[in-house]
Amino acid sequence: MNGVVKVTKEKPKVTRYSRKIGRMGNSLGVSLPKALAEKLDVSQGDEIEFIENAHGEVVLKKVRIGHLPAQVRPEVLEAFYDVYEEDSGILEDLRDR
């Protein structure tokens, strides 16, 4: 599918995925089922875009591939983003000093 998966409610042959929304820092997040991640050709560190069209359909599209330096483990980067998201106000205050 070239990294694009169209999720609609109206097509007769629709593959449906169900996930619970969870908390990720101060935001909400949802995991991607393995089969959907494979269709999108995404992995940890990649960026996806959510596009809502005029019909109310939401399209997920892979934006770019994230490449980490060899010495940076993905779980360390993810933990950093969690801390940054939770404490961004504190970090901004420190930057402005």
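Predicted model: local features only at pLDDT ≥ 70, side-chain atom pairs only at ≥ 80, totals over all residues.
**Exercise 1. Lysine 62**

Find the element that holds lysine 62. Decide whether lysine 62 is buried or exposed. Then find the distance from a polar atom of its side chain to the backbone oxygen of aspartate 41.

*Solution.* 
- Start with the element: lysine 62 sits in strand β5, residues 58-64.
- Next, take the relative accessibility, which is 18%.
- Buried means under 20%, so lysine 62 counts as buried.
- Last, look at the side chain. One of its polar atoms is 2.5 Å from the backbone oxygen of aspartate 41.

**Exercise 2. A negative patch**

List the residues of the negative surface patch.

*Solution.* 
- The patch consists of Glu78, Asp82, Glu85, Glu86 and Asp87.

**Exercise 3. A nonpolar patch**

Name the members of the nonpolar surface patch and give their accessible area together. Which elements give two or more residues to the patch? Classify tyrosine 84 by exposure.

*Solution.* 
- The members are Phe80, Tyr81, Tyr84, Ile90, Leu91 and Leu94. Together they have about 620 Å² of accessible area.
- Helix α2 and α3 (88-95) each give two or more residues to this nonpolar patch.
- Tyrosine 84 lies in helix α2.
- Its relative accessibility is 37%, so tyrosine 84 counts as partly exposed.

Notes:
Residues numbered from 1 in each chain as written. Heavy atoms only, no water. Patch = residues over 30% accessible without salt bridge, like charges linked within 9 Å, V, L, I, M, F, W, Y side chains within 5 Å. Areas by Shrake-Rupley, 256 points an atom, 1.4 Å probe, with all protein chains shown as cover. Salt bridge = Lys/Arg side-chain N within 4 Å of Asp/Glu carboxyl O. Lys, Arg positive; Asp, Glu negative; His and termini not counted. Charge placed at Lys NZ, Arg CZ, Asp CG, Glu CD. Helix = DSSP H or I, 4+ residues; strand = E, 2+ residues; numbered from the N terminus. Buried < 20%, exposed > 50% of the residue type's maximum accessible area, 1.4 Å probe, protein only. Polar contact = N/O pair within 3.5 Å; in protein donor to acceptor, adjacent residues only side chain to side chain.
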